[in-house]
Amino acid sequence: MVGPYATVRLSDNVFWQSRAAWGRSSNTVSPFLAFTDSFTSTRWLATSGLTGRCSFSALTFSPSASVSYISDTSESYADTFGELIPAVTSSFGQVKAGPEISYRWDLGPGVTGEPRAAADLIWTVASDATGQTGVGTTGPGGLRGKVELGPKIGAASGVSADVSGSYDGIGPPGYSATTGSASLRVPLN
């Protein structure tokens, strides 16, 4: 996908990010592992969000709000047996808002630690797939909550390590997702 992207500093503590992208994909499917069919799809996405950052000594408060929408339409095709597979359009739209709080302290000469906690309210405004029988929604609908916790350790050289875990699915019955991530950043200059 290709398209424009912009980050604009609206004030010392408020940033606006926006992105739009369009693209095509070539896909293969092997429904019974006996044959393979190919089809193409077109897709687009649009996102926009505001992020704030307020620091009070070692405490940082970062509220954010965003809206995003993505749509993908697979073109119809005839499978290996000549059966017409109709076009399918899948779309997903979401509004998300919440704060992140972190506290930074010195661990030793040139090393800092920064535990953080974040909470988001997530409202799925569109989640569907149309065009083929048996294809339903593409995710949880309505309003739900997500929490995330994790520490970050950084050195004066710019090297940092970040570990986090999150739980998504507070509210809706039958949906939950637990994730974890770890990253290491090393500056190249």
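Select lysine 152, which sits in strand β11 (residues 142-155); strands here are DSSP runs of E with at least two residues, numbered from the N terminus. The model is a predicted one, where local features need pLDDT of at least 70 and side-chain atom pairs count only at pLDDT 80 or more, while totals for chains, interfaces and linings use all residues. Residues are numbered from 1 along each chain as its sequence is written, and side-chain values use heavy atoms, with hydrogens and water left out.

Lysine 152 is partly exposed because its relative accessibility is 32%; buried means under 20% relative accessible area, exposed over 50%, and partly exposed in between (1.4 Å probe, protein chains only).

A salt bridge is a side-chain nitrogen of Lys or Arg within 4 Å of a carboxyl oxygen of Asp or Glu.

Next, select isoleucine 153, also in strand β11. Isoleucine 153 is partly exposed, at 44% relative accessible area. Together with Phe56, Leu59, Phe61, Ile101, Tyr103, Trp105 and Leu107, Ile153 makes a nonpolar surface patch of about 750 Å². Two or more residues of the nonpolar patch come from each of β5 (59-74), β8 (88-103) and β9 (105-108).

Now go to two loops. Leucine 33 lies between β2 (14-29) and β3 (37-52), and is exposed at 78% relative accessible area. The phi of leucine 33 is positive, near 60°, though the residue is not a glycine. Serine 57, in the loop between β4 (54-56) and β5, has a positive phi of about 60° as well. Serine 57 is exposed, with 79% relative accessibility. Most residues other than glycine have a negative phi.

Finish with the aromatic rings. The whole structure holds 4 aromatic pairs; rings of Phe, Tyr and Trp (its six-membered ring) pair if their centres lie within 6.5 Å, and planes under 30 degrees apart count as stacked, over 60 as edge-to-face and the rest as tilted. Phenylalanine 32 and phenylalanine 35 form a tilted pair, because their planes are at 55°, with centres 6.4 Å apart. Phenylalanine 32 is exposed at 66%, whereas phenylalanine 35 is buried at 13%.

Conventions:
Helices (H or I, at least four residues) and strands (E, at least two) are DSSP runs, numbered from the N terminus. Patches are made of residues with over 30% relative accessible area and no salt bridge: like charges are joined within 9 Å, nonpolar side chains (Val, Leu, Ile, Met, Phe, Trp, Tyr) within 5 Å. Accessible areas come from the Shrake-Rupley method with a 1.4 Å probe; for residues, only the protein chains shown count as cover.
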